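Dear colleague,

Please find the structure below, handed over for your reference.

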Amino acid sequence: MNTDTIAAIATALSDSGIGIVRISGENAIAVGDAVFRTKKGEKKLSSVKSHTIHYGFIVDEQENIVDEVMAAVMLSPHTYTREDTVEINCHGGVLVMQKILETVLKNGARMAQPGEFTKRAFLNGRIDLSKAEAVMDLIHAQNEYALSSSINQLRGELSQQVKKLRAEILYEIAFIESALDDPEHISLEGYPNRLLEKVNSLCEEIEKLISTADNGKRIKEGIFTVIVGKPNAGKSSLMNLLTGEEKAIVTEIAGTTRDVLEEYISLHGIGFHVIDTAGIRDTQDTVEKIGVEKAKKYASDADLIVYMVDVSVELDESDREIISLIGEKNAVILLNKSDLKNIVTEEKLNALIEEVLPGHKRIPMIKTSTLEKTGIDLFENTVRDMFFQGDIQSNHQVVITNLRHKAALQEACESLYLVRKSILEGMPEDFYSIDLMSAYASLGTIIGEEVGEDLIEEIFSKFCMGK
């Protein structure tokens, strides 16, 4: 492990009120002494108590003042990296932060690699790998649910669950190995049946975690929502309402939207990755036809289809085609332009849905008017209940939001299935131990106890420079 001293700008590289240059490593205090001066030069950072902050100046090699700063001193092991740390709180101009970092680097520190501060926190045992990944998720959280999930993981909710599962598996491995080494004093009589119960219980717990992954993906990335409908049904107006901006061009001319528009929005704490598509209809226009095909492709990948129906226009073959796109997907139908004379009713639409998708579950229908901005709150609440049903709001709910974690859980499950298979087929006990150890190792990759250097490098390379 590197023990050299690293430094980086820890705040955004843009003009702001305050910037922070972070220094960490065994020579962090010495580097701080080399560049920091108090007003009368009477104090060195090496002489102050830990977790204190001091007013002074950063000076270059010629003792010219670079900036007026507050320097925070934190001594190991009670720091983010568990190393001596100095954080220089300076003015937030891009040039001044770069000048301070340049001065620090000239006095014995090297530039930190992306994510190296958090990597050192992991390597020094302050946090495990799942908590380190939660740091990055926390930084990139775009909605309240994602933020809450990241905080739970950072607090160790997932780590505790994984460690508990591993401890139970390790107990069984140790018992089998002890019994095989000392059969005179430790009997395996009746053990396979007891182990089968334990394996079934472990599988149930792991499968429960895996089952949260779909919601976890939606929490992290947003619900992939595709707005479909005939031309001029109000799709672009809905997009503008949801974003609060004039993102899409809205006219009375059918076919105005010819390509997809894509936005990420947060509504009542829920993230939506929203796609506004071209109106679906038969057309000879080459460009519009490409847009229609794109709309169908996005609809096939959607978590949620929002089908906008202009209730002032009769249903036709285009509506039939749009309904066929819904299939078994989650969907909400917005009966738009409800401020006009209603030609389309819920009864007519339900009859067409039954004709196109016989036996399909009832699709929620909401009367809206994008012109009068009505029905939107009910739409948002309906979608929230459709996907989350309130259960992810629990402060201690463990939700899998990382594909790497999901894959590791699936591998552990597969190993436990092999244990169950061996028990049912009456295989020798040492077969159980091999697959139990595989499950134990797979779970260990989540918290970083069974991972190689390549994976560690890959994970932390995705972090920003100063974190």
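**Threonine 81 and its surroundings**

A polar atom of the side chain of threonine 81 lies 3.2 Å from the backbone nitrogen of glutamate 83. Please note that this is a predicted model, in which local features need pLDDT of at least 70 and side-chain atom pairs count only at pLDDT 80 or more, while totals for chains, interfaces and linings use all residues. Residues are numbered from 1 along each chain as its sequence is written, and side-chain values use heavy atoms, with hydrogens and water left out.

Threonine 81 sits in the loop between strand E5 (65-74) and strand E6 (85-92); strands are DSSP runs of at least two residues (E) and helices of at least four (H or I), numbered from the N terminus. Threonine 81 counts as buried (under 20% relative accessible area, with a 1.4 Å probe and protein chains only), because its relative accessibility is 2%. Beyond its neighbours within four places in sequence, threonine 81 is in contact (heavy atoms within 4.5 Å) with Ser24, Phe117, Arg120, Ala121 and Asn124.

**Helices H4 and H5**

Helix H4 (residues 129-140) packs against helix H5 (residues 144-154) at an angle of about 155°, and their axes are 8 Å apart. Axes are lines fitted to C-alpha atoms over the stretch in contact, and angles run from 0 to 180 degrees between N-to-C directions. H4 is therefore roughly antiparallel to H5, a term for angles over 145 degrees. On the H4 side, the residues that meet H5 include Ala134 and Leu138, and their partners in H5 include Leu147 and Ile151.

Yours sincerely

Conventions. Parallel < 35°, antiparallel > 145°, perpendicular 65-115°, else oblique. Buried < 20%, exposed > 50% of the residue type's maximum accessible area, 1.4 Å probe, protein only. Polar contact = N/O pair within 3.5 Å; in protein donor to acceptor, adjacent residues only side chain to side chain.
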